[in-house]
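Please keep the sequence and the model in view while reading.

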Amino acid sequence: MPPRKKPKSSALKPNKQSSANQSSQPSSVGIQQLFQRHIQNSQSTSNTLASNPVVSTPQNPLSTVDEKPDESKDVDQQEQLTEASPEVSRNAKRFKFSPGMLIKQSQDDGGEEITWKISPIDQRLRAAAKQVPKMMDLTENSVGVKSSTLRPCSLDKVVQKQCPTSDITSKVEQWLSSPSKKAFKRPANRVTERVNPSLDAEFETANTSSSGNSPFKTPPSLSCSHNKLPCTVTCSAACGSTGTGQHKKALLELLDQVEDVISVDDKTADDVGTVVPQIRLEDDKICSVGVCNSVEGGEIALLKRDNSVNPDSYFLVLEVSEKRGLAGSSRVQCPYKVLRLLDEYTGKECALYLWDEWFYSTVSPGDTINVIGDFDGEGKCDVDHQNNFLIVHPDTLVAGTKVAASFGCPRRTVLDERLKSNEHATAALLGTLLHQVFQAGLTQESPSEDGLHEYASIVIKNNIESLYACGVHERDVKVTLHEAIPKMLNWILHFRDSKDSTVSNVDFGSTNGKRMVKISEVIDIEEMSWAPKYGLKGMVDASVRVIVGSDMNTANEKIMPLEFKSGKAPNGQASMEHCAQVILYTLLMSERYLKHIDNGLLYYLKSDQTQGISVQRSDLVGLIIRRNELANDILVASTTQQLPPMLRNPNMCRSCRHLDACTIYHKADGGNTESSGLADLFDAHVSHLSTLHFKFIRHWNRLIDLEAREMKLPRKDIAHPHGSKGGDSASYLSSMVLDMKYGFQHHSSHKDTRFIYRFVRQNSSESRERVPNEDTRTRTPAADDLDCKLKTGDRVILRTEVSHLTVANGIIAEISRTHISVSLSKRLRLPWSEPSSEVSNLSNELWRIYKDEYMSSFAVMRFNLMQLFIQSIHTIGIRKMIVDLEPPRFDNGSILSQDPAVSYIWSEKSLNNDQRQAILKILTAKDYALILGMPGTGKTSTMVHAVKALLIRGSSILLASYTNSAVDNLLIKLKAQGIEFLRIGRDEAVHEEVRESCFSAMDMCSVDDIKTKLDQVKVVASTCLGINSPYLVNRRFDVCIIDEAGQIALPVSIGPLLFASTFVLVGDHYQLPPLVQSTEARENGMGISLFRRLSEAHPQAISMLQNQYRMCREKVDNGGITKNIIKSSTSDASAEEG
């Protein structure tokens, strides 16, 4: 089974004739006025891009046609086109795809020379290999601007070249239309049986009317206008000048994934079962490679085969073709797309037709899609306004809230996905607290005002750090919660406990009208729902079982989502976003509960209004298309670093939380004041940055995305309907069962209650009888050993192994070679399980435990990088040191003669001369100092005494490292010296010896308690990725010390440094570099730590520790590269110091 193809994007080429034709198309897509801004923005962006000579994306109105086209005229149209352009039609090269042959392309940007790896299975390729250099020349000349600074990956042995992008399109067309050596002849002795996806017959009229006008219909996507060049690789407007290179790159990588080959062949297909694709013109446009006319000039043809399509499979897009036909008696031209698909599970091929608004979907060869609908016996399926759905990139799970919010500004939503900020807003916090109180009332059997008041106090205490970060006092928050509780109780009384059917009537819209609603059961609260089938995920406020009907006699029981909003019912776009959110939650719950869910409830607390949501297909079509566009935008941003266009609305942009990042990215991508649409507001956010700064941003954004792409591969298996397929088994545990021997445990703290579930391997020794865990003679692990990369404190995802349902996420509380215990925030339950059989069902279920490769770490890296360039008094100095590489400054030693910290250093007998000099370097540093030392040279002891010296001065200190263990090792030594500190981090990840210094272990009852503690304690410690804790909001330190700095990637190191005016890096870049999974990212500089960058630029900032306390003299003498700088301080290797 071929692996799934990574999604790619490409570029568009303007087509004048098609653009002229669009004016005659009826524009009846009809989006509500509330989204009119979305259309205007798309049109303005289209006009801007249309002026670009390289890429143009003209805006098209969506033609909603009531009839599907009659394809009987296609042959006549092609004959006319052939007369207009005989040279292209006659001389078009034909490409043949043969299973078992392989082409690989070296670079992700498609701009370098290609390394062709051709399988010897088909010997005919040897003769065709003469044509390979032409393809190589084309692709190497199509390099994009954004990738020009990256050198090629050495594994592929490629050479990077560039050429003007304006010549790319002509070279592609010239290569595609170059004459064949021989005329193609159909073999007389072969009879090829074909399935015709484009039947030469009248199409029936398609009813595109809906049950109601949907506000979620989206305008034609900028990247999928029907007058674009319909190459096999569909282009996205975000691709910029890398367009044609992306065309070739996507095609080649597609062939790499499906183990096919593209070859120039002057012979006919001599095997039954071979598809012979070719290039042709249609409507004055080049038609796609692969999906084409038959050799006799007929319609598109696929080989007939057993098309038993698996309904749970994902599909790999092999080819994309665009066609236009005449529809019914009105003879109105209607565009549609044909996708040639490969079932990833069965290996079968099939065809998908996209009609109506689905025609504008951005789909390219190599994309993974899901089709919600049935294929017929010939392997064909239609997706139109009335039937079926197309999900593009389904393994990119997009939150329903982000889909709903993306109508206003897609760029903001993509930035939300790519940047993890530490913004703390009071309004959002109050909404969260009100949610928790309302959910508690829902789940209590007999909620009371006093009971909810008491629970409100618990909620405030559990979120006291967030109150501190927002700068609000718990008294004010308590007043807000208490004022809302009567309304909550009144709603619960009416909709859950009331016997009066007239009180709880809810309007479900014009279709269903008012209905009596009574909640019979609250199934779950904050239910985690993943629906890979739809490419969606979300957390549902409340999953409820509801009795709905016009009266009690005609009532039906349904499961539906209940969404709680703490504000008042809005009008306009906000209202539509809330409705969209509930509609998408119905899809999530339908997938989770395996039943059709078509209604939801939306409750607004402040205005005390309850709205019923009825799901209409027209709404689902618009929302799923928007979800597909957003998923494509996210993937385009991760592969090309191109974001959706700016909103160009100063009034709205001025208050956007991403204004800094949005404007800086726009400038880095070649934008200017005029294209931003923000006038002076744009200049105010970017004028302080230089060309070097923007180059630095582009370079590191590219490297972060390369590494993130590598790390996403294991995570995709979690979302796949069939789970992992030969992935890294060390990142998950399979065939696990619940160990019922000890029952289900729970652990309560002042913060929350955790539920502990113990899993063992199915049929393991623990589930049968106690046997030796390993052979003591060979030390060979037993068969049931849990040999994996998981460790205590890791976040994990629980998924059923048979039904592939993602059930819950949690944290590993304990792991050994025989069992693993997972801590959950609530009880584990299966959605379909009844309460009476819940324990039995859980025990009989097979589980798979995945490590949750938390992608937020890359979002933190991007956020750190962006913080380095915003206009702030705290970032100017750090930016000069890291980016501009200005030399660090040091105080004159004579100034320190009376410094008590210096006196302490000279009086400390346990320090050697190197350690004293290193600490003096730290004390004299005005910008930064670097402490270099191999393991065993006393770096930890040096840091301990440096902390003590800085505390003598009265300095505040932030300690950081990449791993929890490195942070805790230093803190354990500080604790032994009697130094008080605060540890930021999760209890599960912190060493038990320092856990008492965590805020979670302290009884912090008020915001004032937190302020007092932070003022008292001068030393705070955290991991680099945990630095955005709410406890550290607006906190500044005098010095930041980062341990193991040589092993930390530069964007990760930036985070802690932004909290201090002076920093110290401790490590050894000659030892382990930062761990980088992506070969391309590593070879282009991501493996260069900030420690190495600064030490190579300014060696004078280094203070070296040369005395070795772990190795005897003989080992030091054999130390290779370091033996000239390391001195042994003992002949006994047991004298270890740090």
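The overall make-up comes next, followed by points grouped by topic.

The model is predicted: local features need pLDDT of at least 70 and side-chain atom pairs count only at pLDDT 80 or more, whereas totals for chains, interfaces and linings use all residues. Residues are numbered from 1 along each chain as its sequence is written, and side-chain values use heavy atoms, with hydrogens and water left out. The chain contains 34 helices and 38 strands; helices (H or I, at least four residues) and strands (E, at least two) are DSSP runs numbered from the N terminus. Of its 1138 residues, 59% are buried, where buried means under 20% relative accessible area, exposed over 50% and partly exposed in between (1.4 Å probe, protein chains only). Among contacts (heavy atoms within 4.5 Å) with a separation of 6 or more, 74% join residues 24 or more positions apart.

**Nonpolar cores**

- A nonpolar core is a set of buried Ala, Val, Leu, Ile, Met, Phe, Trp, Tyr and Cys residues joined through side-chain atoms within 4.5 Å.
- The largest such core has 172 residues, and L341, L352, I369, I882 and L1065 have the most contacts inside it.
- Helix 15 (residues 573-593) gives the most to this core, contributing 10 residues.
- A second, separate core holds 37 residues, including V947, A949, V990 and V1066.
- Beyond its neighbours within four places in sequence, I882 is in contact with F696, L868, L1050, I1054, L1057, L1090 and R1093.

- Seven strands form an open sheet in the order 32-33-31-34-35-30-36, with parallel pairing; two strands pair if DSSP finds at least two bridges between them.
- Strand 32 (982-983) and strand 36 (1102-1105) are the edge strands, each pairing on one side only.
- Strand 32 runs parallel to strand 33 (residues 1019-1023) and is joined to it by two bridges, with L982 opposite V1020.
- Helix 27 (residues 913-924) lies across strand 30 (928-933), strand 35 (1060-1067) and strand 36, at about 160° to strand 36; axes are lines fitted to C-alpha atoms, for helices over the stretch in contact, and angles run from 0 to 180 degrees between N-to-C directions.
- Helix 31 (residues 1050-1057) packs on the sheet, where it touches strand 31 (957-961), strand 34 (1037-1042) and strand 35, and its direction makes about 150° with that of strand 34.

**Helix 33**

- In helix 33 (residues 1090-1097), the buried residues are L1090, F1091, L1094 and S1095.
- Seen down the helix axis, these residues fall within an arc of 120°, so they line one face of helix 33; the arc is that of the directions from the axis to the C-beta atoms.
- They pack against helix 25 (875-882), strand 30, helix 31, strand 35 and strand 36.

**Helices 12 and 14**

- The axes of helix 12 (residues 449-462) and helix 14 (residues 474-497) come within 10 Å and cross at roughly 145°.
- Residues making this contact include L452, A456 and I460 of helix 12 and V477, L481 and I485 of helix 14.

**Positive phi values**

- Most residues other than glycine have a negative phi.
- D356 has a positive phi, near 55°; D356 is in the loop between strand 10 (349-354) and strand 11 (368-372) and is buried, with a relative accessible area of 6%.
- D608 also has a positive phi, of about 50°; D608 is in the loop between strand 19 (599-604) and strand 20 (609-614) and is partly exposed, with a relative accessible area of 36%.
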